[in-house]
Amino acid sequence: MADQQQFNPGVSLAGAVDLEALKHQVKAEPGQAGGAPAAGGYVIDTTENTFQAMVQTSATFPILLLLWVPTDDRLFSIARALGDAVNGLNGQIQLSRIDIATNPSIAQALQVQGAPALFALISGRPMPLLQGLPGDDELKQLTDEVIPKIIQAAAQSGVTGTAPYSGDPDSDAAASTGATGADTEQVPPEHAEAHRLAEEGDYAGAAAEYARVMESDPSDALAAREHAKALLLARSGSADVREVRAAAASAPDDVEAQLAVADIDMIGGQIQDAFDRLLDFLAAGHKGDLEAVRQRLLEYFTIPEPTDPRLARARRRLATLMY
């Protein structure tokens, strides 16, 4: 693997897609007949708006970044091979696919002039792996040798978490699941403005709009869930993961430090870790911080599905610790 470089988002890139791609353009959407393979499982599609949150999660589990154009049929084989390899590893690594035709600033930041390009991402640092179409032997080497080495390198850096599973890649739902594991339900009209703000990366604005929706309809569970996710990303979506984790480790009795690192766990899909971190903090005798921790946990509790067994266990433990 090449030397690491520091990621720094840049300005828009013109001409990232070569003209040859026009000869290979297809109209089918990913997952449709004749189209590219769908996202799903441990494969996600990332945009400029969700990129920073995705980068943060690379401090929890390693990520492959595939810069591609999903309407270019020359790239289907690499996307399929990488997706199959990643999905066969049960969350040890995630594949994040980025359409450089619609997200050019990411290509600019990574100094990529065309698709495909492949990077490994560990703790926020990208490592170049490939530029240009690979041959069959090179693609097999990527899936059979390089990916395991990335997982090993991540483990040596302490990045050993499990990527969240986003559903069957062959299902319609998985085909439309984004980088944050966003819900595939149709956006209700009353949520439209909040959803738009979240899509644009204005998470604080989205949280305020979802709060307004909840005032009008306190029973709106979807608004409550999206409100909690927006608050989470507004607080910690652009945090330096290494600094946050170091601060929490050096100040185990500081509630704000523990809340901040729990946010990072939630963003990375490590829901059980976030729950346990805050509940263990209370169990260690920090009852003076009970209300701050309780409020944050109640916010987190709206994010998983109501039937998630981790949720029931955490609720029971919180109730026990409160009395």
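Biologist: Which residue takes a positive phi in the hairpin of E4 and E5?
Modeller: Ser123, with phi near 55 degrees. That hairpin has two residues between the strands. Keep in mind that this is a predicted model.

Biologist: How do E4 and E5 pair, and over how many bridges?
Modeller: Antiparallel, over six bridges. Phe119 stands opposite Pro128 of E5.

Biologist: And what order do the strands take in the sheet?
Modeller: E1-E3-E2-E4-E5. The sheet is open, has five strands, and its pairing is mixed.

Biologist: Which strands stand at the edges?
Modeller: E1, residues 43-46, and E5, residues 125-131. Each has a single partner strand, so one side of each lacks a neighbour in the sheet. On average, neighbouring strands are turned by 25 degrees against each other, ignoring direction.

Biologist: What about E1 and E3, parallel or antiparallel?
Modeller: Parallel, joined by four bridges. E3 covers residues 94-99. Val43 has Leu95 in E3 as its bridge partner.

Biologist: Which helix touches E1, E2, E3, E4 and E5?
Modeller: H2, residues 76-87, which packs on the sheet. Its direction makes about 165 degrees with that of E2.

Biologist: Where does H4 lie?
Modeller: Across E2, E4 and E5. H4 spans residues 136-156 and runs at about 15 degrees to E4.

Biologist: Switching to charges. How many salt bridges does the structure hold?
Modeller: The count is 14. One of them joins the side chains of Asp45 and Arg97, at 2.8 Å from N to O.

Biologist: What does that pair tie together?
Modeller: Asp45 lies in E1 and Arg97 in E3, so the pair links parts that are 52 residues apart in sequence.

Biologist: Is Arg97 buried or exposed?
Modeller: Buried, at 1% relative accessible area. Asp45 is partly exposed, at 25%.

Biologist: Which residue does Glu193 meet in a salt bridge?
Modeller: Arg196, at 2.5 Å from N to O. They are three residues apart in helix H6, residues 192-199, which means about one helical turn separates them. Glu193 is partly exposed at 34% relative accessible area, and Arg196 is partly exposed at 36%.

Biologist: What does Asp263 form a salt bridge with?
Modeller: Arg296, with the closest N and O atoms 3.3 Å apart. Asp263 is in helix H10, residues 255-267, and Arg296 is in helix H12, residues 290-301, so parts 33 residues apart in sequence are tied together.

Biologist: Are those two buried or exposed?
Modeller: Both Asp263 and Arg296 are buried.

Biologist: Which residues are linked in the salt-bridge network?
Modeller: Arg235, Asp263, Arg296 and Glu299.

Notes: Residues numbered from 1 in each chain as written. Predicted model: local features only at pLDDT ≥ 70, side-chain atom pairs only at ≥ 80, totals over all residues. Heavy atoms only, no water. Pairing = 2+ DSSP bridges. Axes fitted to C-alpha atoms, helices over the stretch in contact; angles between N-to-C directions. Contact = heavy atoms within 4.5 Å. Salt bridge = Lys/Arg side-chain N within 4 Å of Asp/Glu carboxyl O. Buried < 20%, exposed > 50% of the residue type's maximum accessible area, 1.4 Å probe, protein only.
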